[in-house]
Amino acid sequence: MKDTSRARWGYYVTGTALAILFLFPLVWSGFASVRTDTGFGLENYDRLFNSANGIELRHVLNSVVVSALTVGGTLFIATLGGYAFGRFRFPGRDVLFLLTLAILMVPYATILIALYVLLGWLGLEDSLIGLSLVLITFQLPFSVFMMRNSFEAVPLELEESARVDGCTTVGTLVRIMLPAVRPGLVTVGLFAFLTSWSEFFAPLILLNSTDKFTTTLAVVNMRTASHGSIDYAALEAGVVFMAVPCLVLFAAMQRSYVRGFTSGAVKG
Amino acid sequence: MSTTTTSPPSARTGPPRRQTAPAPPAGRRGRRLRALVGAAYAAPTAVMVVLFFLVPLALVAWMSLNRWPLLGKPSFNAPANYSGIAEDELLHSAAWFTVKYTVIITVLLFVVAFGLAVLVQHRRPGVGFFRTAFFLPMAVGFASASLLFLGLLSDEIGPVTDLLAEFGLVDGYVSWTSGSPDSALASAVLLVLWRFAGFNMLILLTGLQAIPPDVYEAARVDGANRWQTFRRITLPLMRPTIALVVTLMTTGSLLAFDQFWILTRGGPDNSTTSLVMVIYREAFIRLDLGSAAGISVVLLAVLVVFNVIQFRVLRRRSS
């Protein structure tokens with residue numbers, strides 16, 4: 001039995017040491033963001049929001065708009081698409097489904113140049129709507145797949161009894177199916193938010209004017225636009241400001257979300 | 001999954017049924033109508049996929065055959081954008097660097113993520129806390145995480161240099177992110193390990209937990225030691241999950257951008273300039289979209305071929 005107790009100690013010591021290593025950067029950035037020359041205070045946040053090339057209210061609003069459009073658009077399209085793929089048969093269904101998944105095979109860094117030109121043709125260059133449309137597209141493989149599985153998991157009888165009651169397919173979807181696929185909707189919405197809120201490369205390519213910058217772009221700009229010294233402490237304040245909404249959402253939904261990942265594999 | 005376990009569809013208490021067959025609007029017209037409704041629901045997805053995926057895919061191929069300045073009219077010039085690739089020295093060094101980085105990340109990240117997954121695979125006290133701690137960095141956006149590490153590794157406000165100096169490992173000023181090519185690369189690797197280890201751990205965990213316990217039990221009865229069990233049981237049964245994780249890692253690394261753009265700025269002396277950074281430079285600094293499209297097409301082809309080969313190899317070994 002000596003061996004198992006040693007193994008247990010090994011587990012606790014290794015786990016704790018690693019947990020400290022993983023949590024340390026997060027805790028440190030919070031600490032660094034409030035540390036000042038004289039002690040502790042919010043001066044770094046003051047510089048983050050009020051210095052010449054710092055972030056402005058409009059950058060935060062831009063981020064909120066892009067996130068809202070992306071989450072709303074992704075939920076709308078993926079719900080209808082998931083319902084179609086999960087519950088209907090129509091010509092071209094399998095081809096369209098495979099094409100949607102193929103978006104994963106072609107990571108967007110390689111086609112963003114073309115999307116930049118295309119959005120220009122559509123009159124959507126340097127536009128938050130154009131950026132959101134692109135972000136929605138790249139959320140679709142995961143979201144449509146997830147929603148299709150969610151709709152398939154709803155018992156057929158549920159839908160049929162609604163139809164017998166005279167519900168149209170729209171009525172069935174709204175009143176019967178949506179409540180049944182809520183866990184899927186939560187996961188899809190959470191992912192769409194986390195991605196659109198933090199995305200850097202797509203806004204960098206698709207947004208030109210500083211008016212249109214998202215918060216991430218504005219904070220990174222504080223680093224890349226400075227040719228002299230970098231204001232590291234204000235940057236850490238920016239990191240914390242960006243991370244807080246994500247951490248809050250994470251904490252609130254972590255249970256359902258980690259379970260969603262591991263569902264079916266966990267044995268009690 | 002659903003909370004509603006309804007009684008059989010022919011519940012007698014229900015309202016009078018117009019049909020007995022469970023397949024609803026019967027007949028060919030009914031089925032046609034239902035197909036139409038389904039197609040209508042799929043229409044938004046189809047529009048998005050065509051407009052923002054297939055059209056750009058075709059467009060990037062077409063652009064690569066043209067002289068396509070950022071401003072001004074494009075003109076056909078094939079294959080100048082492709083022959084330009086052969087002469088671009090920065091592109092060559094970037095390609096080598098990206099491959100080197102991809103190999104380093106794939107190996108290290110896989111080892112770390114697998115180690116973490118094995119550590120937290122059983123339910124015991126504290127395991128939930130450990131899983132959350134390892135996974136939490138995923139909540140920080142990657143660009144934010146790069147900025148976080150820029151401060152963490154900086155000499156001005158970062159604790160790393162001081163900590164190492166305390167142990168006598170370094171003395172004086174050290175510039176981790178831009179001092180030398182090796183330390184710049186190491187900084188980026190550290191950042192990626194911190195940010196992505198937990199995510200990959202979670203995927204590997206699903207694979208580990210899908211292995212039935214009785215397989216391990218049988219191995220123990222047969223007297224297999226831990227290493228044999230791992231090599232002969234865990235690894236082979238994990239192959240599909242490993243294939244997925246490795247594909248995600250290699251694809252992500254070949255397309256690395258944020259970490260180098262923000263953390264090392266591609267330096268020192270372009271030593272950490274990745275392929276996607278070169279694409280960005282061609283398009284928005286040299287204002288030559290055609291050349292950027294040419295590099296994109298090549299990178300795209302390499303990725304597709306690479307993923308196909310990887311899946312083939314891993315599938316063959318498992319059968």
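**View 1. Chain B, by its contacts and its fold.** In chain B, 70% of the contacts with a separation of 6 or more link residues 24 or more positions apart; a contact here means two C-beta atoms, placed from the backbone, within 7 Å. Buried residues make up 33% of the 319 residues in this chain, buried being 20 or more other C-beta atoms within 10 Å of a residue's own. Chain B has 13 helices and 2 strands, read as DSSP runs (H or I, at least four residues, for helices; E, at least two, for strands) numbered from the N terminus. Keep in mind that this is a predicted model, where local features need pLDDT of at least 70, side-chain atom pairs count only at pLDDT 80 or more, and totals for chains, interfaces and linings use all residues. Residues are numbered from 1 along each chain as written, and chains are lettered from A in the order in which they are written.

**View 2. Where chain A touches chain B.** The contact draws 80 residues from chain A and 75 residues from chain B. On the chain A side, helix α12 (residues 232-262) gives the most, with 14 residues.

**View 3. Helix α5 of chain A against helix α1 of chain B.** The axes of α5 (residues 112-121) of chain A and α1 (residues 27-63) of chain B come within 8 Å and cross at roughly 105°, with axes fitted to C-alpha atoms over the stretch in contact and angles running from 0 to 180 degrees between N-to-C directions. So α5(A) is roughly perpendicular to α1(B), a label for angles of 65 to 115 degrees. Among the residues making this contact are Leu115(A) and Leu118(A) from α5(A), and Phe52(B) and Leu59(B) from α1(B).

Definitions and conventions. Buried ≥ 20, exposed ≤ 12 C-beta atoms within 10 Å, placed from the backbone. Parallel < 35°, antiparallel > 145°, perpendicular 65-115°, else oblique.
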